[in-house]
Amino acid sequence: MKIEKHLRLAKSYLTEGQLSQAIKTCQEILEVQPNSADAYRILGESYDAENNFEQAMYAYAKALEIKPKYAEVHAFLGQLYRRKKWLNEAASQYQKAIDLGLKWPTVYYNLGNIFYQVRYLESAVKLYKDAIIIKPNYVKAYFGLGKALELQKNYQAAVDVYEKLIKIKPKLLEAYNRLGAVLLNLNLTEKATEVYRQALVLKPDSGSLYNNFGFTLLNKNPMEAIAVYHRAIELEPNLIKAHYNLGKALQIIGEHELAVKSFEEVIRLKGEKDAEQDNVLVYGDCTFSLMAIGKIKSALVYLKNVVTHQFVEGYCRILEESLGDGKQVVSDEMYLTKVARFNFFQELEKLDCDSESYQQQSEKVGQFLWEYYVNFGNVLMENEFYEGASDFYQRALQIKPSSSEVYWLLGNSLVKEGRLNSAIINYHILLQILLSENMVDETARVYFKLGKILEKQRKWEEAIDYFGKVLSAKVQLAPSILNNGFQTYQKLEGLYLSTKDWIKKFDGESYQGRFIEVKLENLPTEYIEEVSKSPIQVDVEDRQKNLECLGLNCFECLRQIYQWFEPESFAQGIYRIGIRDKFGEDILSPLTPLGKGGTDGKGGTDGKGETESLNLLGKGRTKEVLTKDAKDDISGFSYFQKLSQNPTFIAIVQSGRAWIMPKKNYWRLCHGIAVMTPDNYLLADLSREYPSPLPGCTKHDPSQYHIFDYEELPPLEKIDGKVAILSVLSGSIYFHWMVDLLPRIEILRLGINLEEIDWFVVNSYKHPFQRETLKSLGIKEEKILESDRYSYIQAEELVVPSYPSYLGWLQPWGLKFLREVFGKSITNNQSNFSERIYIGRGNAKYRRIMNEEGVVKILEEFGFTCVAPESMSLENQIATFAHAKIIVAPHGSGLTNIVFCNPGTKVIELFSPHYLRYYYWHISQLLGLDHYFLIGETFSCYPMRNIMYESSLVEDILVNLDSLNQILKVIDN
């Protein structure tokens, strides 16, 4: 029997689909030659074609037993496993085939698909590229590569892939679809529009193409988009995306009733085949539109559908724990807000649309929603977010249109907003309600308010008339109506962008005595000094709002910053921040054991060890301005690092004043600081308020600061001697204390002998970390003043160090300062410290881990120890982080101490999908830490989420446990 001839015959039968003949022939061969690996291979292929998995696997296994390096059989076995969805086994077999030198493009493509499925995107991209090299016109590999690049957010590379694919296959519609979508992600709307127009020429009857085309029109021309969506639905009546997008377009133009009909059609088309949780987003859209037109009870029906979602259940569990025994002081508006939320969710879950008592049930739910709106409106009022407060009071009026309490609150918020005419109308409506109910005392109170407004508008006769009505009522107005304990003060004339300019105005060229420049960084030649336009007169009534800065929440600024950090999509919901090649050696002296390093004897740097990637800036400017050529020469992180520099100096302001917003409670922190001159100007570069600008912001305008709106301030405290102002925004928070406040002391002590300072003003001095750090820096307790207690002061000499940088942005010199000063006492005894630590937020009041029990269980399997830094001394905190090799923590102050980690330490930061911030990425890049971040599960019912959380900053985190397990396995290897 000639084996080769029979093998060719068996292969021929297999190719022709005569599978039984192929199997029979292979069996005959094996009877003669049992060790024929080729016969087992063809036998395996034949069984595989018959979908006989067990026999095919056996045949392939026998072939590999005979010939272990049989690359083709490894590939076939990989294909067999892939169809059974045994992805790990399939990937292993494909990889063996590749390692053995097999150059089948399908093997590279299939292995790329497996890596794409599990979101090992970097590996997937490489495999797709290899497949294309082997087979240049491999359409499927191009699609795979493009989609992987999209998930990596490498949109420009994806554009290049799809454009090349269109050149290969000019009539391939899916390539146009993908290209248009990526162009939209790059905000290249006009190019995306043109791509879809080209595609529609090829296939004018495609509803899907019309749907995508409509998306390019949505923002600039919603009416045209609506027409396009209607065309898409006409062509494909069951196209769910088109119905949904039509609803969103109708929302934009305010046609909420029609929008609800579109969303309801989406729900109908999805039908019972989809679980209710798949409709969470569209339930949210229905709720939003119904609430917008005041149909609260109808909206509650849709909210009822999502109240059992795991995110809501997790939130309610945490909320109930935070409320405790209910003995909180009832005057705390935030506590009352939380109580109302909790009651709302409890009653909403009980709501039964088919019950005879549905009407009473819905009214009860509505009552708690009303209480939430009112109480949270009060929270916003206390935080001086008057526009937001007015919005919540108006929502409350949708539920109770005749509530005199809410009209009173709304009128007050409108006055604070400066919308005096609207406030007058509101108070007149309130008067009608009060007069109809014969409420004399309350009516007199409104008369007094109207009199004050008209007095402000200089309508003297009308004001006197209302004050006369107050006197005629013969009622005693509450002291809080007449006087809130504050005092009127002379409003500011304007501002100086540069303190140096103000001092030079009085001292001329001898300004150095009161303006001490502190050199901490070297200024690159490409930076030039911008000519200051100080002083700037501020007219509160005529201020422009067109450049209003959104500060820390500015989408455009945040997007630019994220691009600078170049986060790489590592797997589903997991990203990695790139590690820079070079770092300042003077920063990176290991802390375990403590590096020799040190200062130049004055506490400053010695100027050595900086590298090209961290060119440090210095003195001599009021604002960083890059020339065009300089911008062209600088890219990525180094450009961002330079852009974030601030001039560092100390200003001495004789008879200067400082207004520092005190912390009222855990949710109302210091959110404004104003340093004022004796001639009544604001020194803008020494003053701050939320929203504080991000690096690179071009819209920040200090004339918008609230200090210009205030008509009253607390009584002025006059203090003798030299008073150093160190307080910062949110200065009672550990992160801001370490990153923003303590580096100001370094600036101060490099320019002035601290012994000359009579008083040091910090936000507070209650926490152990505050006492420990100030003691380490030689600041005596008896010299400390808390701005939380002395919020408005005037000093004989106000000594003010500049801010070290943008809010929350730690400069390299500041990082070195913290490591040198507080890293001295680290012990080398590693036996007391775990190399793998988890920093929880169990004691935090917000941004908690909803499924922390599951998270901790997984971490314990990988050898992690849970630590609570807030319960440790500062020394132990620093030592714990210095000895750690892997750190897992939700975003928050618990990660501050990574400043004491050693290069190579791995950090996994947990985020909510709606609150990503870069502070710790930056520190990790300066130190050479390997920084990953994992984005939690999304809860897409945004109206419900907006009730649950007052802002994205406090949103809790639902960790995807599979993703966490996946990243830990990778890091563990």
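These legends walk you through a few close-up views of a predicted model.

**View 1. Ser-206 sits in a loop between two helices.** The loop joins α12 (189-202) to α13 (207-217). With a relative accessibility of 8%, Ser-206 counts as buried, because buried means under 20%. Setting aside neighbours within four places in sequence, Ser-206 is in contact with Leu-200, Leu-235 and Glu-236.

**View 2. Here is the largest nonpolar core, with 179 residues.** Leu-303, Phe-344, Phe-345, Leu-348, Tyr-427, Met-944 and Met-948 touch the most other members. Helix α21 (residues 358-382) gives this core its largest share, 12 residues. Another core, of 125 residues, lies apart from it and includes Trp-659 and Trp-921. In soluble globular proteins, nonpolar side chains tend to be buried together.

**View 3. Phe-448 and Phe-467 form a tilted aromatic pair.** Their ring centres are 5.7 Å apart, with 55 degrees between the planes. Phe-448 belongs to helix α25 (residues 440-456) and Phe-467 to helix α26 (residues 460-473), so the pair ties together parts 19 residues apart in sequence. Phe-448 is buried at 14% relative accessible area, whereas Phe-467 is partly exposed at 24%.

**View 4. Phe-735 and Tyr-919 make another tilted pair.** Here the centres are 5.3 Å apart and the planes 45 degrees apart. Phe-735 is in helix α32 (residues 734-751) and Tyr-919 in helix α37 (residues 919-927), so this pair links parts 184 residues apart in sequence. Both rings belong to one aromatic cluster, which also includes Trp-809 and Phe-933.

**View 5. The charged end of Arg-688 sits over the ring of Tyr-803.** The distance to the ring centre is 4.1 Å.

Note on methods. Residues numbered from 1 in each chain as written. Predicted model: local features only at pLDDT ≥ 70, side-chain atom pairs only at ≥ 80, totals over all residues. Heavy atoms only, no water. Helix = DSSP H or I, 4+ residues; strand = E, 2+ residues; numbered from the N terminus. Buried < 20%, exposed > 50% of the residue type's maximum accessible area, 1.4 Å probe, protein only. Contact = heavy atoms within 4.5 Å. Core = buried A, V, L, I, M, F, W, Y, C linked by side-chain atoms within 4.5 Å. Phe/Tyr/Trp six-rings, centres within 6.5 Å; stacked < 30°, edge-to-face > 60°. Lys NZ or Arg CZ within 6 Å of the ring centre and 35° of its normal.
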